[in-house]
Amino acid sequence: MPGTLLIVESPAKARTIARLLGSGYQVKASVGHVRDLPARTLGVDVENGFRPEYEIAPSKHALLTEIRAAARDAESVLLATDPDREGEAIAWHVLESAHLPPERTRRITFHQITAEAIRRALGEARALDEDLIDAQQARRVLDRLVGYMVSPLLSRALKKPLSAGRVQSVALRLVVERERAIRDFVPVEYWSLEADLQRRTPQQEVFRARLHKIAQADPELRNRGDVDQILEKLQGAEYRVAQVVPGTRRQNPPPPFITSTLQTAASQRLHQSPQQTMRLAQQLYEGIELDGESVGLITYMRTDSTHVAPEAQQQARDYIAEHLSNRYLPDRPPQYRSKVALAQEAHEAIRPTSVYRTPEAMRSRLDPRQARLYELIWQRFVASQMAAAQYATLTVDIVAAQDLLFRANGQRLIFAGFLSVYRNEEDEGQEERSLPDLQAGEIVDLLQLLPDQHFTQPPPRFTEASLVKELEANGVGRPSTYASIISVIQQREYVQKTRGTLAPTELGLIVCDGLVASFADVMDVGYTAAMEARLDQVAAGNLTYRAMLGDFYGPFAQAVADASPLLATAVTNSLQASVSLADEERVCPQCGRQLQVKLGKTGLFLGCESYPECRYTADLENGHPRQTRELFAEGEVCEKCGGRMKIIQHGKSRFLGCENYPTCRNTRPVLSERIRQLAAETACPQCGHLPLEPKSGRYGEYLYCPACESNHSLYKLGVAPRRGQGAGRDDVGATAPPGEGVACPACGATGLERHDGRYGPYYHCAACGKNVAASKMGGPGVQEGLRSRPAGRTARQGRRRRSARRSTQG
């Protein structure tokens, strides 16, 4: 039956909308992007107006055929992808790739997946917005030009495969500059002075005041000497209350969440990464099963707008009046301004689709992580529509020694307002700072003076949350990209997370230095923010796609042409400056040439400049060559040249190497005393040759017979459990009983042959050719013999290993 075909991105969203719309609508999911720029070529025709050359993903051909067939039978087609630039571009890609009929295809958008929002969107269908599509294409082409043209230069300079990104590299620069500010920070000493004072009343109330002014100027106590001068001046001084100033203070509620503030709050309060937060928010947006139907619980989560729909504000006001009181309602619904200069499109803030779906009611319907995030969003939105908190404040100034002013501040919460629903971390425990009822002119007694030494602190390392905040403050990136930016710089091993904070790796420091030296504009925070603003202008229709990319490409192409020598020099300088070596530490002990700092898989090391003629290397420890003492293996002689064998530690590897290296390159493994003893005492089970030669291979130590050239594992010799099998307390060496008296379960023949196979002992019947696992053999003798055999793999472990082998072979 012909109806309407509605296309969304995700299957979860498709299921939710299909249930809300019912019959007459067929809902299909594109499962994200259906086409993109090619993976192995630039895919941008620079000479013809930067025309992108898209390729359909191989996995999407069947899906597009299905969508095309459904559209052929439908009366109309609605593209209902996400309400942002990327969603607009996905809708266009589906239209183009599936060859949808333009005359019957329209675009709808909604910011929440509810029946009412979708019905409203159905009545406001429109054509695709070409300006939004151009803005998203321009972003994709910009990223491709930078990544595809800069990454090869970077890889050649560092002689390893690396990648650079237009926005990710700027985020890396922020992390690197913060790390260097921390390293270069020089603490500065300063002092503070507080006084414990007591009233001359029966209650003898005690309060604390802080030195606030010295002769009407801010105190500058730089060292202990400055403090001692003040202490000497205060000896025997009288402390008189100069003034008592009561007042009130309002604390306004925070605005509802946008993408960056949600990621920040979830990181601080729920200890979730930005990626985890966005994944959970996506689940809440696309729909949760409630009473047999799927319902979207929050509005669209990629937004930089704090706008709230009037009907949502009214619903929140009704809820607050019903469950709290009218006292908690402001006179009119609050209006919040977006901090972003040009918030994208007409988005809403992140809020619950219905405030009547309280966190308590939803807790049993959600998993714990979803429930905590939903509660955070719900509380923040309801609080944003409530009245301000109010405090009664008290400021008391105390004068001593004529020109020294101490100040005490107190406050008391007199109306909680929004704090009854939502509190920031800084709000916790800050409501009450009580002071006694002091009067102007009152004399108070000094109990003690409390000088305290402080040192200025370096700026803190970025956390994932604070880096998102910094990116937003600088206008770098957009809500849909924050999480991926932070994820990418960690995946590329330019940045690592340590105890919740982000620090650049050695590789990240060097990459940043090279890019800053050779691509000053691309790596500039202000320049990147200006590019984001120009993309906003494209989205608004004030700048064309070609003009925007043309303005960028000319200077960028010239920078690429000039970059190779600049990048190579910057990388070399950064490497050499990364450690401070004495002159004698830079001389190669083998050939006398200069040592250079190089970057390897495990970090920085020293290597000879004459490589590969001289292969001397030295690990670095605390910025200096690691002092290694040559250890010779006692009694070990090189069989090739007769030299002594040294014990060499290289990373996690430990082996023997000839002392005459590099003239003699002979190496062999370090063998245990046990395998040496076994080799001397064990005869070859095949030819009887004695002694055997101890060896070590990828699966551990084994014995080799030079007579018949056979290898024998310790397991087969019966002196060790099979590799990967655990030995019990008293089961080492236990085996299944011999098969002389065991009958074949298939043909009844006796005299079975016992063998040790890959999965443990088994029996072979020569009569019928069957193999039977010992564990499946009947009879008390067999089962009794199996009780103490070494524990092998479980059936599940065996299946997993076989499945893994098949996947790697396929």
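This is a predicted model: local features need pLDDT of at least 70, side-chain atom pairs count only at pLDDT 80 or more; totals for chains, interfaces and linings use all residues.
Residues are numbered from 1 along each chain as its sequence is written, and side-chain values use heavy atoms, with hydrogens and water left out.

Let's start with helix 13, residues 464-473, and helix 6, residues 168-184. (Helices are DSSP runs of H or I with at least four residues, strands are E runs of at least two, and both are numbered from the N terminus.) These two helices pack at about 115 degrees with axes 11 Å apart; axes are lines fitted to C-alpha atoms, for helices over the stretch in contact, and angles run from 0 to 180 degrees between N-to-C directions.

Which residues of helix 6 meet helix 13? They are Ala-171, Leu-174 and Val-175, and they meet Leu-467, Glu-470 and Leu-471 (contact means heavy atoms within 4.5 Å).

Now turn to helix 14. Helix 13 packs against helix 14 at about 120 degrees, with the axes 10 Å apart. That makes helix 13 oblique to helix 14, where angles under 35 degrees count as roughly parallel, over 145 as roughly antiparallel, 65 to 115 as roughly perpendicular and the rest as oblique. On the helix 13 side, the contact includes Leu-467, Val-468 and Leu-471; on the helix 14 side, Ile-485, Ile-486 and Ile-489 are among the residues.

Helix 14 (482-491) also gives two or more residues to the lining of the second largest pocket, and helix 5 gives the most, with eight.
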